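This briefing is intended for a reader who is meeting the structure for the first time. Please consult the sequence and the model shown below while reading.

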Amino acid sequence: MEVNALRLDPADNVVTCVAPVAKGSPIVYPDGEELRVLEAWEDIPIWHKAALEDLPEGGEVRKYGERIGRTKEPIPRGGWVSDKNIYSVPRDYDQEMI
Amino acid sequence: MQFWGYKRKEGRAGIRNHVLILPACACGSESARVVASQVRGAVNIVLNTGCSDVAANTAMTQKVLTGFACNPNVYGVVILGLGCETVPHRELREKIQGMTSKPVVSFGIQDEGGTLRTIEKAVRAARDLAAEAAMQQKERCDISELLLGIECGGSDATSGIACNPAVGELSDRLIDLGASTMISESIEWIGGEHVLARRAATPEIHNQIIQVCQNYEEHLRAAGQDCRAGQPTPGNKAGGLSTLDEKSLGCIRKGGTRPIVEVLEQAERPSKTGAIVMDTAGYDISSVTSMVAGGCNAIVFTTGRGTPTGNAIVPVLKVTANAQTYRKMEDNMDVDLSPIITGEKTYQQMGGEMVQTILDVCNGRMTKAEAYGFSDIAVDHICRFV
């Protein structure tokens, strides 16, 4: 099975598709030596993200092992994660100072 | 590691030996273009300001103009003013002469009696400087003379996954060899600033990085702009980047992993050696402008969607990991990093290979944007014209 997605950190709950993935077809990404597979819940364009698990509304979306945003609505496993359904959370700079 | 460069009396060595035709204000830009087109070895920039500005904008423009003149890739400077610009061409010339011993001359279009008379004098001056510059021999320069500016623009998801990590690897290797590198675009630290700040060499630098981001957000808020509304750009979103945080976390990877030794204001010259960061706009052309003014002698530019941009003073090396972009825009792209995406090579391997590519550019190999003679600049602005 051909790899068509990449997970950038083991803590991530999304993968980045490196080829267009049609609804119902497999999303395949490496996890160490193994390949993991899930089904695309909808069409996902090349370079866009797919959810690895059901994401609840307001849930954290993680890539690079970091939070890249929160969901505006529930996103199912294999669903397309994009600027339409996630948002950036304002930073708390004062708390970051050391 | 060494390269063939042009030693300067002050500061780092140049990797090019240009005569810079520098307008002191927008009114001098067209004459500067004509002068540069008449003299082989001369380059010009197009300035859209220098007049009717608030003090903070004038200060920024002056930092860029003096920084360009002092850039190590510049042999000598011919300044073209009008005569009534905010900072008169003579004053600009004296300021530059206080910062560098390289030859600088200036002319004012009103004093000289119009465009043609000014161009005549300026062409003669530029011709003489170009003739001198051509006599300067290249010498062996240690890699520590390299200050590589690292930029990204037209990013898509391939930038953060492959291209920026490879350039980050390049940056780490260059720093280990004794060179310095600089990343900028501080709005594109936001959401990843805590990760970037972990690289700070001291707690002060850590807090400076956080403060730069806080100040940027507040500055835009004062202008009625939410930084998260303009970023990511529509092109970034189409390329799979959904939030500013996601863009930033990919963006900062191009700076590598070495300790950050200095946080600079825009267009400021570094005092340290190693990994440096500069507080600039996310707008790529403006960011490159500020880094060139800060003394970078080469720029590596990562892109996902592709861009043609180039700088007159400093070669801009374009690298992409998006195979389609490389194919479609091969006339603008210098390096294809897509084997990282397909898994044929690692980003560490390709980052290592780029050390030689950068060395080649230092030794004189022209980048594509350089061969086309591109000269983009954008001076960042604080406020409306007056």
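The model is predicted. In chain B, the domain assignment gives domain 1, residues 18-135, and domain 2, residues 142-371. The C-alpha centres of domain 1 of chain B and domain 2 of chain B are 29 Å apart.

**The interface between the domains**

- Contact between the domains involves 15 residues of domain 1 of chain B and 15 residues of domain 2 of chain B.
- About 1200 Å² is buried between domain 1 of chain B and domain 2 of chain B, and carbon and sulfur atoms give 60% of this area.
- On the side of domain 1 of chain B, the residues that lose the most area to domain 2 of chain B are B:Lys63, B:Phe68 and B:Asn71, which together make up 39% of what that side buries.

**Polar and charged pairs across the interface**

- One salt bridge is found across the interface of domain 1 of chain B and domain 2 of chain B.
- A salt bridge joins the side chains of B:Lys63 and B:Glu265, with an N to O distance of 3.6 Å.
- Six residue pairs are in polar contact across the interface of domain 1 of chain B and domain 2 of chain B, both residues being at pLDDT 80 or more.

- Strand S2 (18-23), strand S3 (42-44) and helix H2 (55-70) of chain B each give two or more residues to the side of domain 1 of chain B that touches domain 2 of chain B.
- H2(B) gives the most to that side, with six residues.
- The residues of that side of domain 1 of chain B comprise nine nonpolar, five polar and one charged.

**B:Phe107 in strand S5**

- B:Phe107 lies in strand S5 of chain B, which spans residues 104-108.
- B:Phe107 counts as buried because its relative accessibility is 12%, and buried means under 20%.
- The residues that B:Phe107 touches include B:Val78, B:Ile79, B:Leu80 and B:His89.
- B:Val78 is 29 residues from B:Phe107 along the chain, and their C-alpha atoms are separated by 7.9 Å.

**Helix H12**

- Helix H12 of chain B, residues 284-293, is mostly covered, with ten of its ten residues buried.
- Among the buried residues of H12(B) are B:Ile285, B:Val288 and B:Met291.
- The buried residues of H12(B) pack against H2, strand S7 (147-152), strand S8 (180-183), strand S10 (275-278) and strand S11 (298-303) of chain B.

Terms used:
Residues numbered from 1 in each chain as written. Chains lettered and ligands numbered in written order. Predicted model: local features only at pLDDT ≥ 70, side-chain atom pairs only at ≥ 80, totals over all residues. Heavy atoms only, no water. Domains from an automatic or database assignment. Contact = heavy atoms within 4.5 Å. Buried area = accessible area lost by both parts, 1.4 Å probe. Salt bridge = Lys/Arg side-chain N within 4 Å of Asp/Glu carboxyl O. Polar contact = N/O pair within 3.5 Å; in protein donor to acceptor, adjacent residues only side chain to side chain. Helix = DSSP H or I, 4+ residues; strand = E, 2+ residues; numbered from the N terminus. Nonpolar A, V, L, I, M, F, W, Y, C, P; charged D, E, K, R; others polar. Buried < 20%, exposed > 50% of the residue type's maximum accessible area, 1.4 Å probe, protein only. Lists of a residue's contacts leave out its neighbours within four places in sequence.
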